[in-house]
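Please consult the sequence and the coordinates alongside the text.

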Amino acid sequence: MAWDVFSFIGTAAFAISGAIVAMEEEYDIFGVYILGMVTAFGGGAVRNVLIGVPVSVLWDQQFLFLVASILITIIFFFSRYLLSHWNRWGNYFDAIGLAAFAIQGAMLAISLNMSLYAVMVAAVLTGAGGGVIRDLLAGRKPLVFKRDIYAVWAALAGLIVGLGLFKSDLALYALLVMTAGLRIFSLVFQWKLPTGKIH
């Protein structure tokens with residue numbers, strides 16, 4: 001049950017995120033659908049390739065493709081009512097998608113009996129991968145490479161799931177809220193990672 005919930009939440013959040021970024025960049029309707037879909041499914045596709053899951057699994061998610069399509073359509077046709085609120089709410093959608101997909105990626109790696117390190121990598125790839133592809137296609141610097149704390153929260157969620165600290169569905173939902181909350185707090189309070197400089 002938790003797997004399906006995380007898949008739905010992550011897909012919905014990142015489809016909205018990708019569509020809004022495309023609208024901000026003034027993409028045509030085709031570009032909006034492409035960026036929305038790539039954001040929603042790109043991270044999982046990259047993860048599957050790297051951990052050996054057949055990419056064909058991606059095409060078995062008809063319901064999620066339908067959900068993403070409906071949400072992207074809503075964003076495209078009602079953007080004038082939504083874009084004015086994007087700066088306030090857009091990062092929240094991204095944080096929710098990051099958390100949901102990070103936990104989902106970790107769960108998949110565990111089901112394949114992978115090492116703790118692989119679980120964390122799967123969490124990061126699934127949680128941040130779609131956003132990285134979105135930003136690159138939109139000509140933006142990916143959030144994961146900025147000083148903002150972003151992928152670290154996905155790695156932390158992967159670590160917690162990998163260590164078996166949160167096992168029940170209720171506990172995993174709580175981890176979703178915690179991970180998304182930490183991402184939002186890092187934005188609100190401007191928590192930063194140290195950067196390296198060459199003098």
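Phe 8, Ile 29, Phe 30, Ile 34, Phe 63, Leu 66, Ile 70, Ile 74, Phe 77 and Phe 78 make a nonpolar surface patch of about 1000 Å². Patches consist of residues with over 30% relative accessible area and no salt bridge, like charges being joined within 9 Å and nonpolar side chains (Val, Leu, Ile, Met, Phe, Trp, Tyr) within 5 Å. A salt bridge places a side-chain nitrogen of Lys or Arg within 4 Å of a carboxyl oxygen of Asp or Glu; accessible areas follow the Shrake-Rupley method with a 1.4 Å probe, and for residues only the protein chains shown count as cover. The model is predicted: local features need pLDDT of at least 70, side-chain atom pairs count only at pLDDT 80 or more, and totals for chains, interfaces and linings use all residues. Residues are numbered from 1 along each chain as its sequence is written, and side-chain values use heavy atoms, with hydrogens and water left out.

Helix 2 (29-51) and helix 3 (62-77) each supply at least two residues of the patch, and helix 3 gives the most, with five residues. Helices are DSSP runs (H or I, at least four residues), numbered from the N terminus. Ile 29 lies in helix 2 and counts as partly exposed because its relative accessibility is 37%; buried means under 20%, exposed over 50%, and partly exposed in between.

Leaving out residues up to four places away in sequence, Ile 103 touches Phe 6, Ala 157, Val 161, Leu 172, Leu 175 and Leu 176, where contact means heavy atoms within 4.5 Å.

Phe 65 is placed in helix 3 and, neighbours within four places in sequence aside, contacts Met 37, Phe 41, Leu 58 and Trp 59.

Among the buried residues of helix 7 are Trp 153, Ala 157 and Val 161. Gly 164, which follows helix 7, has a positive phi, near 75°.

Note on methods:
Buried means under 20% relative accessible area, exposed over 50%, partly exposed in between (1.4 Å probe, protein chains only).
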